[in-house]
Amino acid sequence: DVKACPSCLSFLRNPRMLHCLHFFCLECLKKIEASDGRVSCPVCQFVTDPGQDGVDNFQTDESVCRIIEVINGTPGRCDNCLSSPASSFCETCDAALCAPCSEELHGFRSSAKKPHSILPVTKGERLRRVPRCPSHPGEKLLFLSVTSQQLICRDCILVGEHEHDRYVTVEEAGRQTKKDLLELITKSKGTLRMLEEQLETHERQIPEAAEAYQQSVRRLNERAEELTASLKEQQHQALAEGASVRDAKVSRLLKQGVEIGGVAAALEDCVDLHRTALASASDFEVLRLHGAMLGLVAAAARVRVDLTPCDDALITEAEVFAPPTPASSRAGDP
């Protein structure tokens, strides 16, 4: 409702318009003004920055004031002081006057021979008086100059500066202006409907965007679970392969240990045999057994054990974190 302030819900006083096109009383704007001078509209939450001077920087919209006066049936302002609301209309003076101005002016003119016709004006009553021509006193402004877009009187057309202008009556001009304004209002309503449709679209998109976000979160969680399961499977395979390599390496080491022990024992027996023989045999027997003893020592020296290091590597970190090989690829490996 353009007549009432959305903040105090009373008749607009000193109306100020925010950038969102909502009107508020100046005093109400001062109450909701933030510390940084900005104003958040209580209706739509649009933030208006009036500048360094705050809400005082907003100028009073006289057009809105007059429109509100017409809508509310306010008689208008006093033609004399131009500030207080008119409480009476003097037909003689052709002026709307507030009570103090009416008393002052008519008290001064009380000695005049011609009495003044003063009509009371109440709230809800609008003055439909016709303004007078400033160039031709007493003549009413009954015409509109289409050429200059000025209100003119009969004398302006006959002997004044507008005698060559194209003109129409005020009634005709009023009807055409009302028609133009209604067309403009109709177009504005179309724009309003378009904005309302856009607002509805945006309101629908908000839950859609939220749902899209939730779907993305669910897909990310599912993918994370898949990757976690894959890593756990690779971990299981790597541990199993590592255990297999460990068992093979230990078995080989044990086998090599047995072989080395056997060769060492045989070599030690050969050495003991020869040492005993050399201690107890005569020189002749040593010479006779020399060839046989050399053969045994040589044979013992020729004994070899497979001492190849067990260099089988356990599964590496690179293999653990490598992408798993598809089963079809593994099946075709040589």
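Two strands count as paired here if DSSP finds at least two bridges between them. With that in hand, welcome to a predicted model of a protein with 8 helices and 10 strands.

**Overall picture**
- Of the 334 residues in the protein, 20% are buried.
- The accessible surface comes to about 24400 Å², and carbon and sulfur atoms hold 57% of that surface.

- Strand E5 (residues 88-90) is joined to E7 by 3 bridges, and the two run antiparallel.
- If you want a residue pair to look for, Phe-89 has Leu-119 in E7 as its bridge partner.

**The sheet E9-E8-E10**
- This open sheet also has 3 strands, ordered E9-E8-E10, with antiparallel pairing.
- Its edge strands are strand E9 (150-152) and strand E10 (167-169), each of which pairs on one side only.
- The twist here averages 35 degrees from one strand to the next.
- Strand E8 (residues 143-145) connects to E10 through 3 bridges, with the two strands running antiparallel.
- Ser-145 is found opposite Tyr-167 in E10.
- Helix H5 (residues 170-280) lies across E8, E9 and E10, and runs at about 90 degrees to E10.

- The structure holds 0 disulfides, where a disulfide would need two cysteine sulfur atoms within 2.5 Å.
- For Cys-41, the closest cysteine sulfur is that of Cys-20 at 3.6 Å, which is too far for a bond.
- Cys-41 is buried, and its relative accessible area is 1%.
- For Cys-101, the closest cysteine sulfur belongs to Cys-98, and the separation of 3.5 Å is again too far for a bond.
- Cys-101 is buried as well, with a relative accessible area of 7%.

Methods. Residues numbered from 1 in each chain as written. Predicted model: local features only at pLDDT ≥ 70, side-chain atom pairs only at ≥ 80, totals over all residues. Heavy atoms only, no water. Helix = DSSP H or I, 4+ residues; strand = E, 2+ residues; numbered from the N terminus. Buried < 20%, exposed > 50% of the residue type's maximum accessible area, 1.4 Å probe, protein only. Areas by Shrake-Rupley, 256 points an atom, 1.4 Å probe, with all protein chains shown as cover. Axes fitted to C-alpha atoms, helices over the stretch in contact; angles between N-to-C directions. Contact = heavy atoms within 4.5 Å.
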